[in-house]
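Have a look at the structure first, then read the points with it open beside you.

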Protein chains: 2
Amino acid sequence: MLILLLAALQSTPAAALPSPGQVVAQSPASAWQDIPADELLVMSLAGGKRVVIQLAPSFAPVHVKNIRQLAADHWWDHTGIDRVHDNYVVQWGGATVPKPLPAGIQQHPPAEYTFASDKHRLHTLDGRDAYAPRVGYMQGWPVAIDAGQGTLLHCYGMVGAGRENSPDTGTGAELYAVIGHAPRHLDRNMALVGRVVEGMGWLSGLPRGTGSAGMYEHAAERPPIESIRLASELPQGERPHYQVMDVHAPVFADYLKARANRRDEFFIHNPQAVDICNAPVPVRPSPAQP
Amino acid sequence: MLILLLAALQSTPAAALPSPGQVVAQSPASAWQDIPADELLVMSLAGGKRVVIQLAPSFAPVHVKNIRQLAADHWWDHTGIDRVHDNYVVQWGGATVPKPLPAGIQQHPPAEYTFASDKHRLHTLDGRDAYAPRVGYMQGWPVAIDAGQGTLLHCYGMVGAGRENSPDTGTGAELYAVIGHAPRHLDRNMALVGRVVEGMGWLSGLPRGTGSAGMYEHAAERPPIESIRLASELPQGERPHYQVMDVHAPVFADYLKARANRRDEFFIHNPQAVDICNAPVPVRPSPAQP
């Protein structure tokens with residue numbers, strides 16, 4: 001009798017706690033914010049493969065301004081992916097694009113690697129982080145805070161601006177997407193400008209380059225980029241529409257709790273913890289309008 | 001004059017600290033241990049692509065015993081990869097292999113998800129970990145320690161045994177390799193049996209499956225596995241030879257220090273921290289014998 005009672009006590013909370021996916025699926029419409037069309041970058045790869053990147057203009061405004069102009073100028077069209085470095089990054093628009101930048105591009109943007117930590121309101125993630133005393137979410141993005149300075153985080157799928165050794169050498173023309181375990185040592189060292197919200201597998205599944213740092217050694221190996229456009233410059237019928245969860249909505253706290261407490265039938269041990277790159281902010285295609 | 005002096009003071013320690021790659025390249029031969037041929041599993045994919053997995057018999061002995069027998073029985077030959085789940089796992093030998101397990105396989109291995117933490121000597125990694133109060137390295141493997149129990153970690157490239165919901169349902173016939181940000185919530189929930197030491201890009205670069213959890217929806221999509229063998233059962237000339245760094249060698253501490261302190265010319269901010277999955281134990285092909 002006692003054993004049965006204990007079993008019942010132990011199993012009730014497990015059944016009561018929904019999975020992260022269930023929390024997201026059951027969230028109210030009010031918890032979601034539309035991503036503006038001029039904050040979505042649409043990359044068309046050969047074979048009809050589409051990658052959509054959400055830009056982060058409030059964290060890297062000068063780099064994003066450059067990126068918007070480069071897309072408007074069709075600068076990346078008919079170029080290719082330069083390198084795929086396993087467990088690190090996919091990179092394009094770099095040294096293998098042998099043409100000068102268009103007029104009007106800010107050639108030496110400020111080093112937008114950090115920001116004043118009171119810039120946005122923080123939803124702190126409870127728990128320990130290897131790299132910073134405090135991590136959490138601001139305006140839909142993963143951030144770390146240390147000594148009054150914030151930084152976006154190099155989590156899987158985040159997109160940043162490549163640069164040379166000098167910090168004023170990245171313009172946003174050369175971009176990379178993180179395809180492995182979060183290279184958090186790059187935090188505060190690079191300008192993160194966005195994240196992939198659709199088609200990540202088209203990038204992460206590319207053949208690894210065989211040259212130094214995953215460079216493709218022969219031009220013919222480079223997967224072609226047909227075009228990169230802002231969604232706002234595509235015809236209405238071709239635009240992707242996405243929403244991001246409001247990190248200050250009550251359901252986002254439920255989502256983090258579900259991420260840290262895995263109690264469905266598969267889990268024997270509940271980790272009771274989650275690292276920030278394993279709790280990405282939910283993004284979804286906008287529901288069809290009635 | 002003062003500015004020049006300060007610049008000199010700042011640059012001297014940077015130049016004095018070698019990069020992680022330099023530390024490994026300059027390590028003495030005594031810091032390396034040969035991996036026995038019966039602890040290397042050689043997977044041959046179509047097109048001459050080779051993947052080599054180092055097994056962890058001292059942490060998952062029953063699962064590894066099964067795996068060795070399955071390889072000897074050629075059980076995986078002429079099968080295929082079942083699923084590629086982006087930012088999670090590549091998996092093979094599972095439900096899509098419609099044949100019974102050979103006689104002699106332990107059908108219900110013990111749940112080798114944890115071990116007594118005094119089993120091996122620990123080299124602690126300084127710093128915070130999101131999932132465990134203490135992490136480090138034992139016998140060449142990344143581990144977490146909590147309340148007297150150790151567990152191997154689901155870092156990039158680690159290989160584990162798939163199972164159903166019940167903990168006694170994974171035999172080692174169905175295996176997965178981690179291909180994204182470390183899914184550490186699986187620690188203590190699955191038996192880790194090894195790690196990929198060669199050819200990781202052949203797995204991580206596979207096309208993502210379009211079915212639920214990355215399953216390939218059509219048999220023709222599955223990348224063929226030609227064979228999986230223990231290196232000890234291959235002809236001498238076909239055997240791979242690898243070495244792993246001794247985690248108690250002094251140079252391993254230097255390597256961890258270099259991983260946590262990035263001071264080459266590219267880095268503007270030195271993270272002064274590293275998470276354990278960003279500090280994998282060095283493994284290298286055995287140097288040619290003189």
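1. Across the interface of chain B and chain A, the rule finds 0 salt bridges. Please keep in mind that this is a predicted model. By class, the side of chain B that touches chain A has 21 nonpolar, 11 polar and 12 charged residues.

2. Polar contacts do turn up here: 29 residue pairs, both members at pLDDT 80 or more, are found in polar contact across the interface of chain B and chain A.

3. How many residues does the contact take from each chain? Chain A gives 44 residues and chain B gives 44 residues. Between them, chain B and chain A bury about 3700 Å², and 54% of that area lies on carbon and sulfur atoms. In chain B, the residues that lose the most area to chain A are B:Arg128, B:His181 and B:Phe266, together 20% of what that side buries.

4. B:Gln91 sits in strand E5, which covers residues 89–92 of chain B. Is B:Gln91 buried or exposed? Its relative accessible area is 7%, so B:Gln91 counts as buried, the cut-off being under 20%.

5. What surrounds B:Gln91? Leaving aside residues up to four places away in sequence, B:Gln91 touches B:Ile81, B:Asp82, B:Arg83, B:Gly162, B:Glu174, B:Leu175 and B:Tyr176. With one of these, B:Arg83, there is a polar contact from side chain to side chain, at 2.8 Å.

Technical notes: Residues numbered from 1 in each chain as written. Chains lettered and ligands numbered in written order. Predicted model: local features only at pLDDT ≥ 70, side-chain atom pairs only at ≥ 80, totals over all residues. Heavy atoms only, no water. Contact = heavy atoms within 4.5 Å. Buried area = accessible area lost by both parts, 1.4 Å probe. Salt bridge = Lys/Arg side-chain N within 4 Å of Asp/Glu carboxyl O. Polar contact = N/O pair within 3.5 Å; in protein donor to acceptor, adjacent residues only side chain to side chain. Nonpolar A, V, L, I, M, F, W, Y, C, P; charged D, E, K, R; others polar. Helix = DSSP H or I, 4+ residues; strand = E, 2+ residues; numbered from the N terminus. Buried < 20%, exposed > 50% of the residue type's maximum accessible area, 1.4 Å probe, protein only.
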